[in-house]
Amino acid sequence: MSNPIFIPSKDRVTISKLIKWFNSVSVPNIYVVVEPQDYESYKNAFESITILQLNKNNEGISFARNFIVNYASENDMDWIWILDDDIDLVMNKIDSDNNITKLNTYSLLHSILDKPFESCFKIEPNRHIDKLAQIGFLNNVWLRQYNKYDVGCQTSINQIVALNIPLLKDYNINYCLDLKFREDVDLTLQILENGLLNVRYNNYGYSTQSNTRRNYNTINPTTVDNGGMTESSKTMDWKEQETILVKRFGKYISFNPFKVNYSSFKFRFYS
């Protein structure tokens, strides 16, 4: 059985190419998670995939992601994928000659969890498989040249993540409901601070439909799809959000530019 794929979505029933593709090919274990106000439109549009309904509207992405983690736990799921609803249908793989190969995103996700890990710098992930909580990829923005360390450990992961649900539950790790953005950074820091391991494939890159890096402070409707966080970002108190994150993990974070110091977590797994 393929690992379940969850896609939290908001107001993108006519926009998300990813959800449309999953619906057209009828692959198993695809779950789209939507708010009550969107449920009927998604249910009517996508008959080949499972639509799950949240119990509240406009509670933010952390609320939706926590619903997914809890749903997976209650249904005895092991590893799951969570994808943003604007992820592109193809991913890039770069080889040692810096050649790019295009891969179907679903096919890659379907196979990647069974893939043995190469050694990272000073870290051998396979030695710590019982501590592995999260897996992900680079954004295409950073896929500039082949990295001899095929995997990175104790580093940033977002937008496409595989989560070890039983392990997260054992350590009481959840998305922070007070955060409306960078909730993925917060989750990663919870994982690492609890002495768990994450792995990022450094030679695979993903992109989003808009093919731009989001900046929610300066939304441009001509380059960023509507839906998702677009509307809430216009009224979000960004300073308040940063303050919440700093209170929780400030000793690892700097701003202007935003940066997380992951190096302090690596020594636990050095070979």
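1. **Overall make-up.** This is a predicted model. The chain contains 8 helices and 12 strands. Of its 271 residues, 51% are buried.

2. **Helix 6 against helix 8.** Helix 6 spans residues 183-193 and helix 8 spans residues 238-249. Their axes lie 11 Å apart and pack at an angle of about 0°. An angle under 35 degrees counts as roughly parallel, and helix 6 and helix 8 are therefore roughly parallel to each other.

3. **Who meets whom.** Helix 6 contributes Asp186, Leu189, Gln190 and Glu193. Helix 8 answers with Leu245, Arg248 and Phe249. Sorted by class, the contact of helix 6 with helix 8 holds 3 nonpolar, 1 polar and 3 charged residues.

4. **The buried side of helix 4.** Helix 4 runs over residues 105-112. Its buried residues are Thr105, Tyr106, Leu108, Leu109 and Ile112. They sit on the same side of helix 4, because they cover an arc of only 160° around the axis.

5. **The start of helix 4.** Which residue caps the N-terminal end of helix 4? Asn104 does, with a side-chain oxygen 3.0 Å from the backbone nitrogen of Tyr106. Tyr106 is also one of the buried residues of helix 4.

6. **Glu59.** This residue lies in the loop between strand 3 (50-53) and helix 3 (61-74). Setting aside residues up to four places away in sequence, Glu59 touches Glu35 and Lys180. Leu177 is 118 residues from Glu59 in sequence, yet their C-alpha atoms are 8.5 Å apart in space.

7. **Thr155.** Thr155 also belongs to a loop, here between strand 8 (151-153) and strand 9 (160-164). Buried means under 20% relative accessible area; Thr155 has 12%, so it is buried. Beyond its neighbours within four places in sequence, Thr155 is in contact with Thr188, Leu192, Asn198, Arg200 and Tyr262. With Arg200 there is a side-chain polar contact of 3.4 Å.

Notes:
Residues numbered from 1 in each chain as written. Predicted model: local features only at pLDDT ≥ 70, side-chain atom pairs only at ≥ 80, totals over all residues. Heavy atoms only, no water. Axes fitted to C-alpha atoms, helices over the stretch in contact; angles between N-to-C directions. Helix = DSSP H or I, 4+ residues; strand = E, 2+ residues; numbered from the N terminus. Parallel < 35°, antiparallel > 145°, perpendicular 65-115°, else oblique. Contact = heavy atoms within 4.5 Å. Nonpolar A, V, L, I, M, F, W, Y, C, P; charged D, E, K, R; others polar. Buried < 20%, exposed > 50% of the residue type's maximum accessible area, 1.4 Å probe, protein only. Arc of directions from axis to C-beta. Polar contact = N/O pair within 3.5 Å; in protein donor to acceptor, adjacent residues only side chain to side chain.
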